[in-house]
Amino acid sequence: MASVLVTRRLPEGGLDPLAGHDLVGPNHDDRAFTHDELVAHARDVDGIVCLLTDRIDPQVLNAGAGRLRVVANAAVGYDNIDVAAANERGIVVCNTPGVLDETTADVAFLLILAAARGAWVAERDLRAGDWPGWGITQYLGRDVHGAVLGLVGYGRIGRAVARRAAGFDMTVLHHTRHDTGEPGWRGDLDALLAEADIVSLHCPGGEATRHLIDARRLALMKPTAVLVNTARGTVVDEAALADALHDGRLFAAGLDVYEREPQVHPRLLDAPGTMLLPHIGSASFTTRLQMAHLATSAVATVLVGGTPPNVVTPG
Ligand code: GLV
């Protein structure tokens, strides 16, 4: 019987595609395995279902090499997995594309609206009893309707955000390295940043995009602009972003992801105009179950000699 390591708790029913397999884990308290524990478990299994909190590096892959055939990340991003190293060892890597686009785009839009309109500050005051009553100069935000939205990355999630933006009469620009041939394409990221009122990040994480939004690029943005990140925390230099917000060089930021999760840069915690969410982009009941199914089905497919549709290649 094939043995599969499931590193963390999955939504109820998420393990169904692995019925009949010998399952190892998860921890009952949903604690992430330490790296040493991952290495130790990888020696004895044919497949791994992991989450983005698990670092699947050459050490883990070496431990599994010979027996381990597949690693499926229950996430669309896979910057936690060394895909090239896995493939060199004949290990297939899978992710969960397609099922979380709309749910993540909803959260991107939530952050766009909440950050631009300063919603959380206003709510905080109201709950604290600090709202003195309506005033014409209170809680002034930036309009989302009619604004220029700059999307960095234009894959499935970026496009889902663009569809929502159409309903808000926004002008939508997008930056990708290769010309999409579609209206609003900007090959020059710097130009898009300077033009946009709201910038929303939808590119993959990993070394290629590390600190893509750094101090220099933040300085190109309008002081009235809003930055939203539902992609990966590493895309933004958090210290530089905190400086820009504290210095009033950027109006607001809406963040769902962080460079060193679950830590958040301390200067972001008290930066003005900063709406912070704990990486909940794909967190709806339906979507998280679909993600779990896609990952566990992929493992089941590989273990019977098949090729699932959601195999990733080094990017
Ligand atoms: C979540 O961040 C994911 O990559 O699925």
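Analyst: **The ligand site and its surroundings**

Start with Asp79, which is partly exposed at 38% relative accessibility. Partly exposed covers the range between buried, under 20% relative accessible area, and exposed, over 50% (1.4 Å probe, protein chains only). The model is predicted, so local features need pLDDT of at least 70 and side-chain atom pairs pLDDT 80 or more, while totals for chains, interfaces and linings use all residues. Numbering runs from 1 along each chain as its sequence is written, and side-chain values use heavy atoms, without hydrogens or water.

Asp79 has a charged partner. Its side chain forms a salt bridge with Arg232, 2.9 Å from N to O. The pair joins two loops: Arg232 sits between strand S9 (226-229) and helix H9 (238-246), Asp79 between strand S4 (70-73) and helix H3 (83-88), so parts 153 residues apart in sequence are tied together. A salt bridge here is a side-chain nitrogen of Lys or Arg within 4 Å of a carboxyl oxygen of Asp or Glu. Arg232 is buried, at 14% relative accessible area.

Arg232 also belongs to the ligand shell. The ligand is surrounded by Leu52, Ala75, Val76, Gly77, Leu100, Arg232, His279 and Met291. To count as near, a residue needs a heavy atom within 4 Å of the molecule. By class, the shell holds five nonpolar residues, two polar and one charged. Nonpolar means Ala, Val, Leu, Ile, Met, Phe, Trp, Tyr, Cys and Pro; charged means Asp, Glu, Lys and Arg; the others, Gly among them, are polar.

Now the polar atoms. A backbone N or O atom of Gly77 is 2.8 Å from a ligand oxygen. A polar backbone atom of Val76 is 2.8 Å from an oxygen atom of the ligand. An N or O atom in the Arg232 side chain is 2.7 Å from a ligand oxygen. The ligand taken alone exposes 190 Å², and the protein buries 90% of that. These areas come from the Shrake-Rupley method with a 1.4 Å probe; for residues, only the protein chains shown count as cover.

Next, the charged pairs elsewhere. The salt bridge count comes to 20. One of these pairs is Glu37 with Arg31, at 3.0 Å from N to O. Glu37 is partly exposed at 25% relative accessible area, and Arg31 is partly exposed at 35%. Asp125 and Arg124 also meet, at 3.4 Å. Here Asp125 is buried at 14%, whereas Arg124 is partly exposed at 42%. Glu102, Asp106, Arg163 and Arg164 are linked in a network of salt bridges.

Asp46 lies in the loop between helix H1 (35-42) and strand S3 (47-50). Asp46 is buried, at 13% relative accessibility. Its side chain makes a polar contact of 3.1 Å with that of Arg67. A polar contact is a pair of N or O atoms within 3.5 Å; within protein, one must be able to donate a hydrogen and the other to accept it, and sequence neighbours count only through two side-chain atoms.

Last, the fold. The protein has 11 helices and 11 strands. Its radius of gyration is 21 Å, close to the 20 Å that the globule rule gives for 315 residues, so the protein is as compact as a globular protein of that length. That radius is taken over C-alpha atoms, and the rule is 2.2 Å times the number of residues to the power 0.38. Helices (H or I, at least four residues) and strands (E, at least two) are DSSP runs, numbered from the N terminus. Buried residues make up 47% of the 315.
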